[in-house]
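Try each task before you read its solution.

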Amino acid sequence: MSLLLAEQSWPDLEGRRPLVIVPFGSCEQHGPHLPLDTDSSIATAVAWKGVRELADGTDVLLAPTQHYTASGEHEGFPGTVSIGCDALHLLAVELGRSLSGWCGRVLIVNGHGGNNAVLAKAVAQLRDERREVAWWPCAVQGGDAHAGRTETSMMMALRPLSVREDRARAGRTEPVRKLMGELERNSVRAVSPNGVLGDPSGASAAAGERLLNRMAAELCTAVHSWNVRAGRLLRTRTEVRS
């Protein structure tokens, strides 16, 4: 039986209360060398790897990916499509409400950091409504912020032909926390003219595959534990204890 929600018919779902995992990404610039759907591709890959692993013992389905989210900070670059924070909040709430009408649990796997704050508020609202919804961020400890080595490696593993290695150049390489004030006052383009926050040099498909597998394993561990704090599904035992 297919693990994809889009391939089910309604009788396939009658009498079931599956966990439905919904990847959220973005359609936004990722430097001159990565495709606009980088965040969506990574979130979808991690969610799909997780679904296939979880299916051995869990009724789980992968929902279609949501590509259009909140990417206003990248709107200085052509190709970026953003629906804004208010629309994203409404979208997440209504998706959660609709899915909760027939499934058991909903998990949003988010690949775009710019969505985090909005999803946290939307999921908190859904949980206040007694709906079993949570969100989980795709995150690499120690990874760079945007279109650097981390994301370049993962896209080399997922879709190598979409990576324009001859265009790959470093952007601003300071930790993103040090750039946050400047980013909030201006925009990504004002801070980094090529749109990169990091350095893609040294990226490799092998490293990308390891990162994707690690995140998928963390996702599965989190789902099995299902510890939700303030709407977010906690990812590690250390985080659960803290």
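**Exercise 1.** How much space lies in the largest pocket?

*Solution.* Before starting, note that this is a predicted model, where local features need pLDDT of at least 70, side-chain atom pairs count only at pLDDT 80 or more, and totals for chains, interfaces and linings use all residues. Residues are numbered from 1 along each chain as its sequence is written, and side-chain values use heavy atoms, with hydrogens and water left out.

Step 1: On a 1 Å grid over the protein atoms alone, a pocket is an open set of points where a 1.4 Å probe fits, with protein on both sides within 12 Å along at least five of seven lines; lining residues have an atom within 4 Å of a point.

Step 2: read the volume, the space filled by probe spheres set on the points. For the largest pocket this is about 880 Å³.

Step 3: find the centre. The lining has 29 residues, and His-112, Gly-113, Gly-114, Ala-145 and Val-176 are the closest to the centre.

Step 4: see which elements take part. Two or more lining residues come from each of α2 (38-54), α5 and α6 (176-185), and α6 gives the largest share, four residues. Helices here are DSSP runs (H or I, at least four residues) and strands are E runs of at least two, numbered from the N terminus.

**Exercise 2.** Which element gives the most to the lining of the second largest pocket?

*Solution.* Step 1: this pocket holds about 190 Å³ of space. Its lining has 11 residues, with Ala-139, Val-140, Gln-141, Glu-218 and Arg-235 closest to the centre.

Step 1: look along the helices. The answer is α8, with four residues.

**Exercise 3.** Is Ala-147 buried or exposed?

*Solution.* Step 1: locate Ala-147 in the loop between β4 (133-137) and α5 (149-158).

Step 1: check its backbone. Ala-147 has a positive phi of about 65°, although it is not a glycine. Most residues other than glycine have a negative phi.

Step 2: Ala-147 counts as buried because its relative accessibility is 0% (buried is under 20% relative accessible area, exposed over 50%, partly exposed in between, with a 1.4 Å probe and protein chains only).

**Exercise 4.** Which residue lies over the face of Trp-226?

*Solution.* Step 1: go to the loop between α8 (205-225) and β5 (228-229), where Trp-226 is found.

Step 1: Trp-226 also has a positive phi, near 45°, and counts as buried at 16% relative accessibility.

Step 2: look over the ring. Arg-105 lies there, at 4.5 Å from the ring centre (the test is NZ of Lys or CZ of Arg within 6 Å of the ring centre and within 35 degrees of the ring normal).
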